[in-house]
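Thanks, everyone. I'll go through the aromatic contacts and the nonpolar cores, and then stop.

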Amino acid sequence: MVFITEVGTDDAEQAEECKRRGNDLLSRGDLADACLAYGEGLDILGSGNADLRLALHLNCALAQLRRGQMACAVAHASEALSIEPQNCKALYRRGMALAQLSEQPGHEEDASAARSDLERVLALDPGNLAVRDKVQELRTASRARQRKEGVADRTNFQNIFRAEKALYQPPVVKEEPKPVIRNLNHEDSRLMVSAERVTYFVDDDAPILEDVSIELRAGRVLGVFGSEGSGKTTLAKLFCSQLNPVEGSVVHHGEFPTPTPIADAFKSGFIGLFAAGLASLAARPKADHVWAVLLLVALVCLVALIASCVFGCRRRASQRHHTIFLTSDDSEKEVIQHGRKIEHIIGGLPGSAAKRERVIALLQAGGFQLYNPMTGEPRGDVQSYIEEGLTYGYFSGGQGHLIYILKALAQRPKVLICDEVLAGLDAYRQPRVLRMLKRMRDEGTAMLYISKDLEQLRIISDSVCFLSRQTISEIGPVDVLDFPKHPDSKDYLANYRAEEASIMLSQSYGATEKDEAILGPWHRVC
């Protein structure tokens, strides 16, 4: 006897709203958030309302297929088929996902399952020419693989009876597993920075990182996780030039600004001003000698300051993209003066009213708020904090860390390196900062995101990389977190235990989707 769980009207309406939200996100191309919305709807439904569950699984399978998360697409399509075994869409999406998986090493057996699903689609829809062509392609590939295996089997059988080959071989020493490198399908995104066969060690000791190659692309987030001591923070510091590789190189790609004719004109003007100062010194009488010397010193200082700002910045810009390193390490925040106003920390030197409005928008988006230390009630608002001229030393550790993050986002870096950046933030601000980082990604920022919290990686990453044995063990789409292939990543994920706060992050992140402050103008240039 089968028992069907009834779903309340409110639950069904909430799940339907999740479906509508997911469809809207899917149509806009925000595939990761669409999957989260569909998953939220499935959690609300539980085991009831088969029709709505079927639609959610089908849509989620489509989103995962477009996202390149083939294993997740297979899982959702299979759930849809458990509800309606002859559903043509579910069969097609599972078949296409299995066909893509079969191209990866170790997944060759998925080709026959893909062909079986697509043949069932062809039986239900004989006129589908695209499916017919795909089935033929899989059949051809299967025959080629069978011929190759047959040749290998005959060769092995012949080797048994060769006089020069012993019937029994001594046991082979097991080699270390090879890295699992999957196709990320990111070639359409512009390459910004790459680590090319990078090795780093200190004083000829054992390497901290060895032969690591990683690419950061515009509008993509590479999530990095691994056990303690695997070299994650060292990798971050190599990317932002705080450390230099012993072997290999970190290369910035693309076109960079060069000095313009206007800058050259400024330079000529400064030289002319300096020459005029010397001429005036020679022409002045001895009585004015002291004042002339003071004037000359002032001119030299002015020229040196302006030249260093104009030409030094341009030289640095010509070598690398604007890169910022965000970390939970307090030592990185020591450069922020405690007596400096938060408006100037985030927005730079005092400027226009538009710049002040952008600082206010950044603080509101990040959820910045002061509280009464006696009652715990909120005190004031962002506008009043700016008007009061509050300084950095006034805040708690978590509030100071949020200011540190907003300062970095205000600079709109081309490359952003994040190392456990949410540590120190509370449960309310973590999803808000994640949403802001994701908006930066959508606008073209290349990002390396290091975290031991896998839920953060699921939300923000387009691909993930697992570090172990001081090198890359596995790199691929986000479904590596659910379906790892390398023995080291399998062991790590099998022993991983998510904290309660991490489990709640996904739900609180979804609640920020339509937050007006986060959707506001904080990202604009003033």
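This is a predicted model: local features need pLDDT of at least 70, side-chain atom pairs count only at pLDDT 80 or more; totals for chains, interfaces and linings use all residues.

Arg-435 sits over the face of Tyr-509, 3.9 Å from the ring centre; a charge counts as over a ring if NZ of Lys or CZ of Arg is within 6 Å of the ring centre and within 35 degrees of the ring normal. Numbering runs from 1 along each chain as its sequence is written, and side-chain values use heavy atoms, without hydrogens or water.

Now the ring pairs. The whole structure has 4 aromatic pairs, meaning rings of Phe, Tyr and Trp (its six-membered ring) with centres within 6.5 Å; planes under 30 degrees apart are stacked, over 60 edge-to-face, the rest tilted. Phe-225 and Phe-466 have ring centres 5.0 Å apart and planes at 50°, so they are tilted. Both are buried, that is, under 20% relative accessible area, with exposed over 50% and partly exposed in between (1.4 Å probe, protein chains only). Phe-466 and Tyr-492 are also tilted, because their planes are at 50°, with centres 5.3 Å apart. Tyr-492 is buried too.

Next, the cores: buried Ala, Val, Leu, Ile, Met, Phe, Trp, Tyr and Cys residues joined through side-chain atoms within 4.5 Å. The largest has 57 residues, and those with the most contacts inside it include Phe-225 and Leu-363. Apart from it lies another core of 27 residues, among them Tyr-200 and Phe-239.
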